[in-house]
Amino acid sequence: MRIFPENASSYGADVDFIFWLITGVITVASIIVIFLILYPILTKNKSRTKEQRYQQGKGFQKLKLIYLGIAILAIADFYFLFEEGPIWRNIEETLPEKEVHVIVMGRQWLWEFTYPGPDGKLYTADDVKTINKLYLPVNKNIHMDLQAYDVIHSVFIPHARFKQDVLPGRNITKWVKMTKTGTYPLTCAEICGIGHANMKAEIVVLLNEDYKKQMAKLYKK
Amino acid sequence: MNTKITWREIPQARLAMWALIAGEFAIFGGLIVMYTLNRLKYESWGEMAQHTNVIAGTINTLVLLTSSFFVVKAHEAALHKNKEKVKMWIWLTLICALLFLGIKSYEYYHEILHGFTLPGTQLLAEGKHVETMYWSFYYTMTGLHGLHVIGGALALFFVMRHATKTEKDYHRIEVAGLYWHMVDIVWIFLFPLIYLIH
Amino acid sequence: MKITRNKWQNFIKNNLTMNTHKKHGFWHRYFFSLDHKDIGFQYMLTIFVMVSIGGFFAYVFRMHLAYPEMEVPLFGLVTNKDYNMLITNHGLIMMMWLALGMLLAVAGNYLIPIMIGTDDMAFPKLNKLSYWFFLISVILMISSFFMKRGGFGGGWTMYPPLSVGDFGYNTAYTSFKDRFFTANTFVLLAITFEFIALLMGGINFFVTTLNKRAKGMTLTKMPMIVWMINIASVLFMFSVGPLIAGAFMLLLDINAGTGFYDVYRGGDPLLWEHLFWFFGHPEVYVILLPPLGIIAEIISTNSRKPLYGYKFILNLTLIAAILSMMVWAHHQFVSGIDPRAATIFSIFTIIISLPFAGIILAYIATLWNGDLKINLPMKWAIGAITLFTLIGGFTGLYLGASVFDIYAHDTSFVVAHFHYTLFPTVIFGSFAAFYYWFGKFSGRELNKFWGNVHFWLTFIFFNGFAFPLFLLGLAGQHRRIADYRQFEFLMQDPLPLYRQIATISAVILILSQFIFIFNFFWSLKRGKKVTSDNPWESNTLEWQTASPPPHGNFAVYPEVHHGPYEYNHPDREDDFLPQNKK
Amino acid sequence: MNTNQPEGLAHEIAVPKKEDYHGHPNYLIIYISLLILFAITVFASLIPNPLVVFIIVFVISIVKGSMVLLYFMHLKWEPVLIWILLGLALMTLLFLTLGLYPDIVSVKPYLVTKP
């Protein structure tokens with residue numbers, strides 16, 4: 001049994017790493033908090049005197065401990081931020097050199113994928129389209145122009161740890177690099193009407209040669 | 001002049017009115033922020049702003065500023081429980097309110113005649129798509145403001161009638177007046193942003 | 001003519017004035033009363049109705065998710081359209097009517113005047129008006145289910161291009177009447193009315209708290225919950241402003257053909273997302289703060305010990321309230337906002353966990369060295385803290401960290417996270433309040449045995465329902481999908497089992513609430529009379545008057561001499577020191 | 001209202017000792033200066049550069065608005081609580097502006113089909 005779907009993209013492992021990092025920290029923190037809550041409940045603090053009870057509540061002697069708790073959490077928090085900052089910039093803010101360029105368009109309720117035609121450029125007359133099936137080459141930087149035709153959709157590729165909402169009126173370019181061949185699902189993660197549940201596509205990740213053959217086939221049609 | 005009071009001494013009606021005003025600022029402010037940012041984005045809205053009736057807008061601003069002045073005078077009179085003066089100043093304010101609404105509806109009438117409507121159907125047919133939103137904002141903001149003018153005027157009227165009839169609750173005139181000033185402040189921001197920037 | 005007017009005048013005189021100790025009929029008690037306790041009770045009953053609807057919806061779609069082929073008992077076959085409508089309205093009802101209503105309107109109305117030692121709200125008539133607005137909003141909301149095109153199915157967040165149209169039914173609108181009588185319009189109107197109701201209520205709480213406190217009750221002698229409800233109301237008042245404007249614009253988009261959210265007319269759907277979450281995130285804290293106040297009361301009383309660091313908690317709450325206005329875009333990390341802005345919002349989101357960590361640690365420190373009385377309200381309160389901190393709060397870190405949010409956004413992980421934050425606070429907090437204040441409110445006692453059964457069933461099956469959702473979310477199960485059978489990777493081995501565990505637990509969870517409802521209404525009529533006016537030996541003012549409190553709350557207005565949490569004072573023989581005792 | 005209220009009203013303290021504790025500026029002067037500022041606004045709009053007009057007009061609006069607030073609404077004499085309340089409203093709007101700015105102003109709409 002695995003927790004995540006199998007990772008098939010270059011940055012998927014980084015996303016998983018953040019998950020395990022946070023899990024590790026909060027496991028330790030949870031044990032501490034469980035102890036803190038259970039200890040007084042189980043022992044019921046029988047041995048304390050009246051004075052002690054009152055003073056401890058009023059006198060803030062242990063307030064330093066709370067500041068310590070906050071400080072530890074702050075350090076942990078900023079450690080997450082420190083770790084995840086570069087990953088976020090890598091995934092969302094930078095675009096590596098373009099090797100393949102496709103348009104992914106969501107519409108009610110199907111996915112429309114557009115590939116450059118024989119001239120190798122998108123947004124020209126000879127572009128080819130497929131519906132609900134996206135062919136991608138393995139180990140290439142793929143730029144995806146994410147668009148929506150009618151309402152907001154969201155491109156979600158669980159195996160690539162990729163998600164981006166697509167909005168009408170925006171052309172959002174994001175990248176992905178698949179590292180394993182195979183067939184992966186692409187789903188819509190934002191409610192988009194009654195067909196939302198049926199809006200799924202397949203990503204077929206092919207070896208480079210196979211991808212070229214597949215493209216040639218598409219051009220012939 | 002006794003200036004320093006603690007907040008416990010503020011009468012509850014006035015405190016509530018200030019809270020309401022702060023809430024209204026968030027509503028109108030939200031609209032103004034959205035409009036202003038869109039205005040910065042779309043330069044073609046300047047062209048649309050030229051179609052607004054600046055003279056009518058100017059008169060309306062004058063009317064509202066003057067009515068604000070009348071309301072403080074009414075408040076001053078209410079402090080001295082001067083029934084006649086309260087009546088006079090509030091009636092002057094109400095006349096201003098009616099004048100404002102009258103001029104506003106005159107403007108609306110002419111703009112609608114020229115095809116600048118809330119959905120902007122005629123502009124759409126001309127292919128001016130972005131520009132329709134200017135008019136949508138125009139009608140939404142001035143319309144919402146107009147509703148507040150009506151509400152404020154009604155409040156002033158009833159408060160005045162109650163105070164002059166029963167000779168008590170004069171402090172309510174100040175409270176309703178505060179609301180009226182809020183309406184005025186909103187217009188002080190709306191007028192230049194909508195009418196004047198071409 | 002004259003006679004009818006007199007009748008009307010008599011009616012107003014009898015029903016709309018506060019001057020009464022005599023018994024009243026049904027209409028007075030449930031519709032016209034100006035007494036804050038009655039209004040609180042009216043809110044409570046109205047919200048019970050809404051919750052039963054929301055709970056029923058949850059039952060139907062959970063059943064459908066686990067057993068998609070089955071006809072759901074009491075509902076029938078669930079189509080995609082039904083499913084969207086059910087989840088949307090479940091979300092809307094629970095967030096807007098249960099959470100906001102129960103914690104601001106009910107708790108605020110019932111507790112604020114009596115805890116600060118006064119007879120009623122500052123503006124009883126405004127209070128009444130706010131309840132009527134609330135009632136109108138409830139009626140509008142319920143009538144939206146019966147529109148010709150079915151209920152609202154655009155997600156509770158109501159993202160525009162979808163919520164402006166017909167959710168893809170492909171029905172052409174021909175006239176204004178056609179557009180107006182749609183679920184979209186009615187839901188938006190309902191929400192606007194509810195916001196106005198809560199705004200009026202919030203102003204009322206604020207003024208009441210500032211101006212009508214008992215003699216001697218300074219700001220730092222107020223019980224924590226009064227502070228919390230007030231901070232929540234003010235936070236609500238400011239964050240909701242832009243959304244009211246936005247909702248007005250969306251209404252015009254639907255009904256008047258404007259294009260505020262239409263890209264072809266220069267609008268932008270992202271604007272609505274921003275406005276919605278600009279309200280939506282502070283709303284989470286609006287919901288969270290009152291239960292934190294309730295928990296503070298209960299923990300301090302039942303630990304027989306002063307609340308640990310009163311001013312410290314207060315300062316942290318104020319900081320958190322201001323910070324909460326700067327974190328809204330963490331709901332939108334992958335929604336197409338500028339990724340650089342996302343980094344900033346991520347930092348603020350992580351920072352806001354710090355004040356809450358401080359508050360929770362202060363509550364835990366209150367337990368330490370205390371003379372703990374583990375009774376029913378205490379169980380609910382500790383259950384709430386435990387679940388909220390350990391699971392709800394900590395899983396927030398996953399989602400606040402923008403990188404993991406790329407994966408977890410809009411999956412069941414988020415669903416599990418917010419159920420773990422909202423359920424312990426809203427539901428556990430409300431139950432803690434019910435079990436704590438029921439004696440005061442009704443003069444009778446709730447049945448303890450059934451109370452315990454209710455607590456343990458709720459606690460266990462809530463976890464049984466929400467925890468599998470984390471695992472499902474991590475496996476990549478995205479939200480709001482009517483039928484997962486078509487996604488192969490979501491039908492791999494343990495996942496359908498998780499879904500079934502979640503569903504069965506949810507059903508038992510919902511069924512176990514009937515225990516409470518029967519217990520509540522039975523005890524209201526037939527329960528054992530309370531033996532003491534102050535059964536928990538608490539300090540705050542509401543316990544120093546009769547149960548149930550008379551009209552006007554106090555026979556003699558109290559004068560406050562002490563803070564609210566003076567338990568186990570060393571100079572005293574009793575372990576408690578009521579605020580009004582010298 | 002409540003005739004049966006017991007002695008020692010809790011909210012007696014809510015009634016201010018003096019009904020009118022604030023000062024009264026010379027309203028006429030304020031009114032005239034508002035009119036002068038207004039005249040400046042109208043003439044400033046004749047400047048051809050819209051951005052300059054926007055800045056001038058906005059600044060003058062703020063001045064005018066705060067004059068109405070301070071003197072006509074007597075904010076100047078109100079306790080600090082009211083200032084905090086209004087300050088919070090302005091803070092809200094500031095956050096909203098900062099959050100919305102990058103997603104409205106700098107984004108050029110991309111249209112899939114011709115409208």
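Modeller: Happy to! First a definition: helices (H or I, at least four residues) and strands (E, at least two) are DSSP runs, numbered from the N terminus. This is a predicted model, in which local features need pLDDT of at least 70, side-chain atom pairs count only at pLDDT 80 or more, and totals for chains, interfaces and linings use all residues. Residues are numbered from 1 along each chain as its sequence is written, while chains are lettered from A and ligands numbered from 1 in the order in which they are written.

Colleague: Thanks. Which chains share the most contacts?

Modeller: Chains A and C do, out of 5 pairs of chains in contact. Two residues are in contact here if their C-beta atoms, placed from the backbone, lie within 7 Å. Chain C puts 79 residues into that contact and chain A puts in 75.

Colleague: And which element of chain C gives the most to that side?

Modeller: That is α12(C), with 16 residues. Other elements giving two or more residues include α4 (80–115), α10 (269–303) and α13 (376–400) of chain C.

Colleague: How does the chain C side divide into nonpolar, polar and charged?

Modeller: There are 44 nonpolar, 25 polar and 10 charged residues. Ala, Val, Leu, Ile, Met, Phe, Trp, Tyr, Cys and Pro count as nonpolar, Asp, Glu, Lys and Arg as charged, and the others, Gly among them, as polar.

Colleague: What about chain A and chain B?

Modeller: Those two do not touch, and their nearest C-alpha atoms are 13 Å apart.

Colleague: Okay, new topic. Where is confidence lowest and highest in chain C?

Modeller: The score is pLDDT, the predictor's confidence in each residue, from 0 to 100. Chain C has a mean of 88, with 95% of its residues at 70 or more. Helix α1 (residues 2–15) of chain C is lowest, at a mean of 54, and helix α16 (residues 448–474) of chain C is highest, at 94. Over residues 17–21 of chain C, pLDDT stays under 50, and the model has 13 contacts beyond four places in sequence for them.

Colleague: Tell me about strands in chain A. What order does the open sheet have?

Modeller: Its 5 strands go β3-β2-β1-β5-β8 (chain A), with mixed pairing. Strands pair if DSSP finds at least two bridges between them. At the edges sit β3 (128–131) and β8 (172–176) of chain A, each pairing on one side only. Strand β5 (residues 142–148) of chain A runs antiparallel to β8(A), and 5 bridges join them. In that pairing, A:H143 has A:W175 in β8(A) as its bridge partner.

Colleague: Is β7(A) covered on both faces or open?

Modeller: Covered on both: A:F162, A:Q164 and A:V166 are buried on one side, and A:K163 and A:D165 on the other. A residue is buried if 20 or more other C-beta atoms lie within 10 Å of its own, exposed if 12 or fewer, and partly exposed in between, with C-beta atoms placed from the backbone. Because 5 of the 5 residues of strand β7 (residues 162–166) of chain A are buried, the strand is largely enclosed by the rest of the structure. Strand β6 (residues 153–157) of chain A pairs with β7(A) in the antiparallel sense over 5 bridges, and A:I157 stands opposite A:F162. The hairpin has 4 residues between these strands, and A:R161 takes a positive phi near 55° there.

Colleague: Nice. Why look at phi and peptide bonds at all?

Modeller: Because most residues other than glycine have a negative phi, and most peptide bonds are trans. B:K81, not a glycine, has a positive phi of about 55°. B:K81 sits in the loop between α3 (54–79) and α4 (83–113) of chain B, and is exposed, with 12 other C-beta atoms within 10 Å. C:N369 also has a positive phi, near 65°, and lies in the loop between α12 and α13 of chain C. C:N369 is buried, with 23 other C-beta atoms within 10 Å.

Colleague: Which residues are joined by cis peptide bonds?

Modeller: One such bond joins A:Q108 and A:W109, with omega about -15°. A:W109 is in the loop between β1 (100–107) and β2 (110–115) of chain A. Another joins C:S547 and C:P548, with omega about -10°.

Colleague: Last one: how many helices does chain D have?

Modeller: Chain D has 3 helices and 0 strands, and 26% of its 115 residues count as buried.
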